[in-house]
Amino acid sequence: MAVTLDQTIAQKQHTLLSKLFASQTFWVVIAVILACLFLSFATDAFATQKNLYNITRNITFVAIIALGMTFVIITGGIDLSVGSVLCLSSMVLAVTMHAGYSIEIGILASIATALAIGAFNGILIAYLGFPPFVVTLGMLSIARSLAMVASNNTVVFQFGPDHNKLLALGGGAWVFGIANPVLYMILLALITGFILRWTKFGRHIFAIGGNEHAATLTGVPVRQIKVAVYMISALSAGIAGIIQTGWLGAVTTNLGTGMELQVIAATVIGGANLAGGVGTAFGAIVGAALIEVIRNSLGLLGINAFWQGVFIGGAILLAVLFDRIRNFRRND
Amino acid sequence: MAVLELTNISKHFGAIQAVNDVSLSIEPGQVVGLMGDNGAGKSTLVKMIAGNFRPSHGTMQMDGKDLILHKPVEARQHGIEIVHQDLALCNNLTAAANVYLGRELRRGVGPFRILDYASMYKRAGQIFAELKSETRPRDLVKQMSGGQRQAVAIARTMLSQAKIVLMDEPTAAISVRQVAEVLNLIRHLRDQGIAVVLISHRMPDVFTVADRVIVMRRGRKVADKTIASSSPEEVTGLITGAIEQV
């Protein structure tokens, strides 16, 4: 009897393969690969170096913020302010550099702004018990308005003495002809993945999303961690803003409008659960990739761009549908 | 010597006297059933021992030394562990992750420290084996039965050298077979010299596993006697007030 008990305990419940098939991220990867294969054969323009360069670079801005959003969503929260924070950070960078300061000071000011906004969101949510949806909805409005105030609602396209450095930072391709933003994205994804899997902080984020009350009772510093995740989310928006400024070479006050929805869509398609407790860095990237491939393919296939929303919305629903089907099967 | 000794403990919230002049002592390796109707003061008493509330009057001593608790974490540092009624488990994490929640093992140097999965799985597995539970450290808690979930919550208390474990209604919401499992877990704790305070409404559980029973009514301790010298009928009388005091 004891032997059988030990045997059962020793037996791993999931083989690697069954785990893979059960993961939403896996199926989204398959979908991306199939779409890419299809487009390579169906169109001449897809598998060109220039198009792939564009796609990979376009993925990055949504993907980088989706990485930050993943932290928030795992805790069971939401951050609607990221699009506006991206705009404000870009504008702070642009205005600072336009005024003649160096790129270092510009980036520092931009990052500091993002972190301050994240801390503000986090403190209201964690210490004063405001609902995340409401706080970040308010910040969505506030941050964009501040960006307009900072720039007097003008377009900034001259970045002072370090103008060219900034453009190279965002627009260059320093390694193997891969667009710089893609390199930043990969680096940030690795860092995010590491934090989620290998640190105490990452473990506590999952615990808060799973059962906040339990996390509190077992001595997890829930409030501090919640403030930290909103700071990370805002930071990711700030970083994306800096890179995007360098790439575009100009900042307008409508930069990043509606981006929060794309970011949340990418996170959810990649397998994160809005109820909290589930999410991965890889999933955020893959979700962003699927959205971009859909966008790109519609253009190449000559489908009216107005259909974009339908396909992206459909992808969101489909991803969640798979999740529901798995749950139904489990409950049976 | 008593592991925990309460002397003339009272707690009032404004005009409400939740606990009134209670003294009791708990010996190592003893299972004490704490019984009483809703509002009798059981929870308030336990929360004072757990560091959630500070007593209005009276003193607590642990191993002969004064015990003053400001936060639940301090209680834990003194070797007082609590199994909460809702178990405080995260469904999305593995059994081992739940056991180590809030005190994860890490390896590495200085700021570069990563979670030590291997050690946590190993130690959690050992604890489950000690508890004779078939819980597997790598399983997600959401896939577990009520008894296994109890084992995870109880395993938490065995991580550190707990001296006293407070269990809040551990058998309230689980099946009959799982109740037996949980009572066995309690016996394992006792056999290791840990004192267990079992807060329960269920008469059979207390009479099966406890050595002593303490009954509270309206904030006062109305009985404190060995199980052998009491009976379920007497305890019921004490809880309801049909028997005034013994």
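Two residues are in contact if their C-beta atoms, placed from the backbone, lie within 7 Å. The legends below use that term for a predicted model.

**View 1. Chain A is built from helices, with zero strands.** Chain A holds 15 helices and zero strands. Among its contacts with a separation of 6 or more, 78% join residues 24 or more positions apart. The C-alpha trace spans about 80 × 55 × 35 Å along the principal axes. A compact globule of 332 residues would have a radius of gyration near 20 Å, and the 21 Å of chain A agrees with that. Of the 332 residues, 46% count as buried.

**View 2. Helix 9 of chain A has a buried face.** Helix 9 covers residues 180-198 of chain A, 19 residues in total. From first C-alpha to last it reaches 27 Å, close to the 27 Å expected at 1.5 Å a residue. Which residues of this helix are buried? They are Asn180(A), Pro181(A), Met185(A), Leu188(A), Ala189(A), Thr192(A) and Leu196(A). Seen down the axis of helix 9, these buried residues fall within an arc of 165°, so they line one face of the helix. The face turned away from the buried side carries exposed residues: Leu187(A), Leu190(A) and Ile191(A).

**View 3. Other helices of chain A cover the buried residues of helix 9.** The cover includes helix 4 (49-74) and helix 8 (163-171). It also includes helix 10 (200-210), helix 12 (222-248) and helix 14 (281-300). Arg295(A) lies in helix 14. Arg295(A) has 17 other C-beta atoms within 10 Å and is therefore partly exposed. Phe311(A) is 16 residues away from Arg295(A) along the chain, and their C-alpha atoms are separated by 8.4 Å.

**View 4. Asn152(A) has a positive phi in a loop.** Asn152(A) sits in the loop between helix 7 (132-151) and helix 8 of chain A. Its phi is near 60°, a positive value in a residue other than glycine. Is Asn152(A) buried or exposed? Asn152(A) counts as exposed, because it has 9 C-beta neighbours inside 10 Å.

**View 5. Leu87(B) has a positive phi in a loop of chain B.** Leu87(B) is not a glycine, yet its phi is about 70°. The residue is found between strand 6 (80-83) and helix 3 (95-99) of chain B, in the loop that joins them. Leu87(B) has 21 C-beta neighbours inside 10 Å, so it counts as buried.

View 6. For 246 residues, a compact globule would have a radius of gyration near 18 Å; chain B has 19 Å, which agrees. Of these 246 residues, 46% count as buried. Residues 24 or more positions apart make up 65% of the chain B contacts with a separation of 6 or more. An unreviewed UniProt entry places the feature "domain: ABC transporter" at residues 4-243 of chain B. Over residues 4-243, the chain is 32% helix and 29% strand. The end C-alpha atoms of that stretch are 28 Å apart.

**View 7. Chain B touches chain A.** How many residues of each chain are in contact with the other? In chain B there are 19, and in chain A there are 23. The chain B side of this contact has nine nonpolar, four polar and six charged residues.

Technical notes: Residues are numbered from 1 along each chain as its sequence is written. Chains are lettered from A and ligands numbered from 1 in the order in which they are written. This is a predicted model: local features need pLDDT of at least 70, side-chain atom pairs count only at pLDDT 80 or more; totals for chains, interfaces and linings use all residues. Helices (H or I, at least four residues) and strands (E, at least two) are DSSP runs, numbered from the N terminus. The expected span of a helix is 1.5 Å times one less than its number of residues. A residue is buried if 20 or more other C-beta atoms lie within 10 Å of its own, exposed if 12 or fewer, and partly exposed in between; C-beta atoms are placed from the backbone. The arc is that of the directions from the helix axis to the C-beta atoms. The radius of gyration is taken over C-alpha atoms; the globule rule is 2.2 Å times the number of residues to the power 0.38. Ala, Val, Leu, Ile, Met, Phe, Trp, Tyr, Cys and Pro count as nonpolar, Asp, Glu, Lys and Arg as charged, and the others, Gly among them, as polar. UniProt positions are given in the numbering used here, feature names are shortened, and annotations may be inferred rather than shown by experiment.
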